Amino acid sequence: RYSLFYNRLKNIEENEGGLDKFSKCYKTFGVNQFVDGGIYCKEWAPGAEAVFLAGDFNGWNPFSHPYKKMEYGKWELFIPPGQDGYPSVPHGSKLKVVIRAQNGELLYRISPWARYVVRDEDKVNYDWVHWNPPQSYIHKHPSPKRLKSLRIYESHVGIASPEGKVASYKNFTYNVLPRIKDLGYNCVQLMAIMEHAYYASFGYQVTSFFAASSRYGTPDDLKEMIDVAHSMGITVLLDVVHSHASKNSEDGLNKFDGTDSCFFHSGPKGTHQLWDSRLFDYANWEVLRFLLSNLRMWIEDYRFDGFRFDGITSMLYHHHGIGTGFSGDYNEYFGLHVDEDALCYLMLANHMINFLHPECITIAEDVSGMPALCRPIAEGGGGFDYRLAMAIPDKWIQIIKELKDEDWNMGNIVYTLTNRRYEEKYIAYAESHDQALVGDKTLAFRLMDAEMYTNMSVLSPLTPVIDRGIQLHKMIRLITHALGGESYLNFMGNEFGHPEWLDFPRRGNNESYHYARRQFNLTEDHLLRYRFLNTFDRDMNKLEERFGWLASSPAFVSEKHDSNKVIAFERAGLIFIFNFHPHQSYVDYRVVIWHSSLIVIFKYKILLDSDAAEYGGHQRLDHSAEYFSEEYPHNDRPNSLMV
């Protein structure tokens, strides 16, 4: 794999002027304005017979501005400035690339490199709008330094409001970012930013890869939002979708030049059976140029600090993970069923990002467990910084759904939380947006279900269902945070047990926005128990910020007692003790401490207690108590203490 990567990189260096030039094409492709007011246009349309530019600027004459055919399927056009010196294509004017297909048909297309596309309310398709304001937003704040401990708040701008509407970049900037900061998260991961015609696709059916979604505001609004996040010390990651593309042709990449092979594999190989979308041809030189330039544009123009690469399991294998289970056997990861071209693209992408912007972070969303994805490229690895620990939320769902409390297996929980490849960094999470979507259930909804509608008020009795749900919600998130990886992720609203599911407006729900929102206001009502979960989540993050367990060595697990339902471990100098027993509390319970010194006596105090009153607990522990280590062997360690 490294050999394939090296040969492709060497080819770029020798024949394309280097990776820097090769990946900088976002400045030349599409429609770009020169300083003198001239307009330079460039497209790649290898299947086209002729290419023209039409729009408001020429009265939509489809033939007045023809492109010149160049080598390798590229087309170029230069439009000089007007007699008054102003650009011939004004800011805000609508445009189309007109393609004469091989059968003579004229196709009106949006440039794959378009920076801004909008849809009028009375139209189905998006329009390409030339975005070149007289004064673009100027970033005022530097990007944060690379974080050692990532606490990620997974977010969607459009649903980030209690109101039933599409929320804006401005709303996120001034109402949501302060909330994220207060909760102790230091990183926000933004979904559904790359333009997607179908809102209910959650942003995963991208139509315009270089355009920030206009349904939330303008490109400058997004730039301001990222700049304000940086002023708060918050790192901003983009959920990038390079695993597939929407099948839309009128306002997407599909059949841009009239053929089914432009950007994508032709025939059945170019279509994803389950997603009904198009699959990129990662061996194609111009596809590599397009995708690498796309990443670079988001970093350099918008100042994103890195990416979460979505759906790369589909990229890594010719079978796309469809109907395939992964047991961890190495034969599943090496062989002719692996798409080496796609894997090589991911290696090139990580190499480019690390070479040009070493402060940026990349995350792999891979359900298969491909070995070495997060190892350096020089070792034959994928070059990612982190990978998502996708087995953890599945385990919590399986436990809650299938097992009685007394049947929970402590060893199995610990195994799932610690089962990760050595020196590959994992992002642990109890649940993400996947569990919040309609058809699934969040942890809070699985634990408390219908009683969330009637018994979350402090004025109503604390029922056994609500009591159990609140306590387990906190414990599950803390043990996942502390034991599950080298980073932590939470989807917006889940931190306080957001009720109900997430469902975007569509025909099936009468285009309703009722479930396409986040009711942050629930945490501000002191008569509701949601504030207990919200406060616990904040204090949990603040404690990690203070002690940095995510950046420390893996935990030393000293106990996973199945009868007592107790898990105890030590990490970053802290002792974590979890009692998952449904009805048994313990007095004078002995736990191991890692320190083996026989001379020094260590004193411990409670720092975080899920049973505290401010978290909706029962206040059964005395926080003024002090606990001292003693030379008393326990669980094969020389020292222990009683709690």
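Predicted model: local features only at pLDDT ≥ 70, side-chain atom pairs only at ≥ 80, totals over all residues.

**Exercise 1. Classify the ring pair F536 and Y615, and work out which parts of the chain it ties together.**

Solution. 
- Start with the geometry: a pair of aromatic rings is described by the distance of the centres and the angle of the planes.
- For F536 and Y615, the centres are 5.2 Å apart and the planes stand at 80°.
- Planes over 60 degrees apart count as edge-to-face, so this pair is edge-to-face.
- Now place the two residues: F536 belongs to helix α13 (residues 530–547), while Y615 is in the loop between β26 (603–604) and β27 (627–628). The pair therefore ties together parts that are 79 residues apart in sequence.
- Last, check accessibility, where buried means under 20%. F536 has 3% and counts as buried; Y615, at 4%, is buried too.

**Exercise 2. Find which ring has the charged end of R590 over it.**

Solution. 
- The ring is that of Y632, with the charged end of R590 sitting 3.7 Å from its centre.
- Another case to look up is K223, which lies over the face of Y302 at 5.3 Å from the ring centre.

**Exercise 3. K395 is buried and has no salt bridge; work out what its side chain does contact.**

Solution. 
- Locate K395 in helix α8 (residues 391–402).
- Look for an opposite charge: the nearest such side chain, E402, is 7.8 Å away. A salt bridge needs 4 Å or less.
- Then look for polar partners: the side chain of K395 makes a polar contact of 2.7 Å with the side chain of N412.
- Leaving aside residues up to four places away in sequence, K395 touches N412 and T416.

**Exercise 4. Where do A372 and Q619 lie, each with a positive phi?**

Solution. 
- Recall the background: most residues other than glycine have a negative phi.
- A372 has a phi of about 70° and sits in the loop between β18 (361–364) and β19 (386–388). A372 is partly exposed, at 24%.
- Q619 has a phi of about 55° and lies in the loop between β26 and β27. At 57% relative accessibility, Q619 counts as exposed.

Methods. Residues numbered from 1 in each chain as written. Heavy atoms only, no water. Phe/Tyr/Trp six-rings, centres within 6.5 Å; stacked < 30°, edge-to-face > 60°. Helix = DSSP H or I, 4+ residues; strand = E, 2+ residues; numbered from the N terminus. Buried < 20%, exposed > 50% of the residue type's maximum accessible area, 1.4 Å probe, protein only. Lys NZ or Arg CZ within 6 Å of the ring centre and 35° of its normal. Lys, Arg positive; Asp, Glu negative; His and termini not counted. Polar contact = N/O pair within 3.5 Å; in protein donor to acceptor, adjacent residues only side chain to side chain. Contact = heavy atoms within 4.5 Å.
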